[in-house]
Amino acid sequence: MNYINEIIDLLHEEGMEIEYTGVDLDLRDYLTDSIQFISFIVDIEKKFDIEMPDEYLLYDSISSLHSFAEIVRNCKEENTKAHND
C-alpha cells in the first residue's frame, strides 16, 4: 500500500490542494491549526483502522509527509500483528 498517496488523497478530501511531485512535504504547511490537525488524525485512524500512539499526537510529529507515512505504516503493521496474535 502506498501510504503517501493515501494520505494525500485524504488531505484532498479535506479540501487541501497538494501537488505532490515525490519531494517530501511539510504537512504543517497544510494543517495550519489544531482543529485541522485533530480532524486529520481522526480521519487517518478511521481510514487505516489504527490508533495513533500518544507520542504521535503532537503537531510537530507531522512535519514530514514521508516520515508521517512511515508512522502510519508502522501503526498499521502493529495493529495487524496484534489482531493476528
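**Entry 1: a tyrosine to begin with**

I started with tyrosine 3, which counts as buried because its relative accessibility is 11%, and buried means under 20%. This is a predicted model, so everything here is computed from a prediction. Tyrosine 3 sits in helix H1. I then asked which residues tyrosine 3 touches, not counting those up to four places away in sequence. My list reads Phe48, Ala69, Val72, Arg73 and Lys76. I also checked tyrosine 3 against serine 61: the two are 58 residues apart in sequence, and their C-alpha atoms lie 16 Å apart in space.

**Entry 2: stepping back to the whole chain**

How many helices and strands does the chain have? I found three helices and zero strands. Along the sequence the pattern reads α-α-α.

Next came the overall dimensions. Taken along the principal axes, the C-alpha atoms fill a box of roughly 40 × 25 × 20 Å. The radius of gyration is 12 Å, which agrees with the value near 12 Å for a compact globule of 85 residues.

I noted that 34% of the 85 residues count as buried. The accessible surface comes to about 5300 Å², and carbon and sulfur atoms hold 47% of that surface. For contacts with a separation of 6 or more, I found that 65% are between residues 24 or more positions apart.

**Entry 3: counting charges**

I counted 6 positive and 21 negative side chains in the chain. The centres of these two sets are 6 Å apart. A reminder to myself: side chains of opposite charge can pair when their charged atoms come close. How many salt bridges does the count come to? It comes to four salt bridges.

**Entry 4: a bridge from helix to helix**

I looked up lysine 47 and glutamate 6, whose side chains meet in a salt bridge with an N to O distance of 3.3 Å. This pair links distant parts of the chain, 41 residues apart. Lysine 47 belongs to helix H2 (residues 34–48), while glutamate 6 belongs to helix H1 (residues 3–13).

**Entry 5: the bridge at aspartate 26**

Aspartate 26 forms a salt bridge with arginine 28, and I noted 3.0 Å between the closest N and O atoms. The relative accessible area of aspartate 26 is 25%, so this residue is partly exposed. Arginine 28 also counts as partly exposed, with 27% relative accessibility.

**Entry 6: a charge without a bridge**

Aspartate 43 lies in helix H2. I found aspartate 43 buried, yet without a salt bridge. The nearest side chain of opposite charge is lysine 46, 5.2 Å away. A salt bridge here needs the nitrogen within 4 Å of the oxygen. Beyond its neighbours within four places in sequence, aspartate 43 is in contact with Leu10 and Glu14.

**Entry 7: a covered isoleucine**

Isoleucine 44 is also in helix H2. At 0% relative accessibility, isoleucine 44 counts as buried. Setting aside neighbours within four places in sequence, I listed its contacts as Ile7, Leu10, Asp49, Ile50, Met52, Phe68 and Val72. Serine 34 is ten residues from isoleucine 44 in sequence and 15 Å away in space, C-alpha to C-alpha.

Where is aspartate 49 found? I located aspartate 49 in the loop between H2 and H3. Most residues other than glycine have a negative phi. Aspartate 49 has a positive one, near 55°. Its relative accessible area is 51%, so aspartate 49 is exposed.

Notes. Residues are numbered from 1 along each chain as its sequence is written. This is a predicted model: local features need pLDDT of at least 70, side-chain atom pairs count only at pLDDT 80 or more; totals for chains, interfaces and linings use all residues. Side-chain values use heavy atoms; hydrogens and water are left out. Helices (H or I, at least four residues) and strands (E, at least two) are DSSP runs, numbered from the N terminus. Buried means under 20% relative accessible area, exposed over 50%, partly exposed in between (1.4 Å probe, protein chains only). The radius of gyration is taken over C-alpha atoms; the globule rule is 2.2 Å times the number of residues to the power 0.38. Contact means heavy atoms within 4.5 Å. Accessible areas come from the Shrake-Rupley method with a 1.4 Å probe; for residues, only the protein chains shown count as cover. Lys and Arg count as positive and Asp and Glu as negative; His and the chain ends are not counted. The place of a charge is taken as NZ of Lys, CZ of Arg, CG of Asp or CD of Glu.
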